[in-house]
Amino acid sequence: MINLFGMEMKKLEEQMLLEGQKKYRATQLYLWLYEKKATSFDEMSDISLKFREVLKEKYTLDLPSIYTKQVSSDGTIKLLLELNDGMKVETVLMRYSYGNAICVSSQVGCNMGCSFCSSGLLGKQRNLTADEMVGQVMVMNSLLREENRGGRVTHIVVMGTGEPMDNYDNVMDFIRIVNNQKGLAIGARHITISTCGLPDGIRKYANEGLQTNLAISLHAPNNELRNKLMKINKAYPLEVLMPAVREYEQISNRRVTYEYLLLEGINDTTECADQLVNLIKGTMGYVNLIPYNETKLCDYKRSSNNRVHAFLDYLSKHGVTATIRKEFGSDIDAACGQLRAKVEGRNEK
Ligand code: SAH
């Protein structure tokens, strides 16, 4: 069975031709899926009964189901979604003044093994398909519709569990589907992929001709420290990663965000701030400082507010644009892999 939510427009057009249909069937199907929110083929009244039978036989409109739902006092919604094979993934909706941002997972588990992150503790179980990523947005949109306040997902960050560059093709299909005017019509500039730094993926992404954004999880300004925090740095150290990022900037002409988690006594010193300035000075990039979400599964401590602000000031004074990431859902398990770990009974060491 082929899930229609995973088919980007060009592929769906080709598929319709293979079915002996006209190309415009693809557009028609998109309208049913994304505008009219059809949940069954029977509703598709402008498609012949005969072809609807073919669709029922070979295609599905399955979406993930909600396994648990947590709503924070700030309105943040965190869902644990159950997929067709029983696997579970997290997805989070954050309400900004400028819109609703969803944090989408790209894999079940993750193989990157960052030492501070609870998503990767059990390794990767499998990649998510494009329909499972689109499904996260569809499910969140249906919750927003239930609120009756006219809300919908307006921004997407692929920053949930998983490494998007390790599931490249499915993530690109996902982006094209949500970005398509007749799909979910989310503007390219409102879509961001975050990677721990896989240079081949970054170069490929640069050449996709997309106007979407790239964020790099940097977290350390030198190899010695980065090796300790992120094992991917041993395969792709900074002198390999940074040229790929610069190439991305040149080809795409887009500004890169460097994510920098602040861990007390580890990477929050003035020396680190100084090294960070030297590493990214001269690029168009800017730094997003992330207050660490402490988890029982890892030993790191979050830097004090004073340290976070001192780090920010140092960057700003030395010509590097930086912001502090706003936090959401601190009263629920909204951080990175924590809900899934809890439901699966892994919250205690
Ligand atoms: N694999 C991708 C995307 C998923 S992780 C990447 O590495 O970018 C998304 C972001 O959350 C990364 O910057 C990651 O380092 C960060 N993160 C992981 N655990 C965290 C925690 N406990 N608190 C705050 N940020 C965390």
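**A walk through the core and the ligand site**

Hi everyone, let's start inside: the largest nonpolar core has 104 residues, and I156, F174, Y205 and V287 touch the most other members. By core I mean buried Ala, Val, Leu, Ile, Met, Phe, Trp, Tyr and Cys residues joined through side-chain atoms within 4.5 Å, with buried meaning under 20% relative accessible area (1.4 Å probe, protein chains only). Helix 4, residues 130-147, gives the most to this core, nine residues; helices here are DSSP runs of H or I, at least four residues, numbered from the N terminus. Domain 1 (2-60) and domain 2 (65-343) each supply at least three core residues, with bounds from an automatic or database domain assignment.

A quick word on the source: this is a predicted model, where local features need pLDDT of at least 70 and side-chain atom pairs count only at pLDDT 80 or more, while totals for chains, interfaces and linings use all residues. Residues are numbered from 1 along each chain as its sequence is written, and side-chain values use heavy atoms, without hydrogens and water.

Now, the ligand. Which of the 18 residues around the ligand come nearest? They are G162, E163, S194, S217 and H219; a residue counts as near with a heavy atom within 4 Å. Next, polar contacts, pairs of N or O atoms within 3.5 Å. A polar backbone atom of G162 sits 3.0 Å from a ligand nitrogen. For ligand oxygen atoms, polar side-chain atoms lie at 2.6 Å from S217 and 3.2 Å from E259. By class, the shell holds nine nonpolar, seven polar and two charged residues.

Note on methods: Polar contact = N/O pair within 3.5 Å; in protein donor to acceptor, adjacent residues only side chain to side chain. Nonpolar A, V, L, I, M, F, W, Y, C, P; charged D, E, K, R; others polar. Buried < 20%, exposed > 50% of the residue type's maximum accessible area, 1.4 Å probe, protein only. Helix = DSSP H or I, 4+ residues; strand = E, 2+ residues; numbered from the N terminus.
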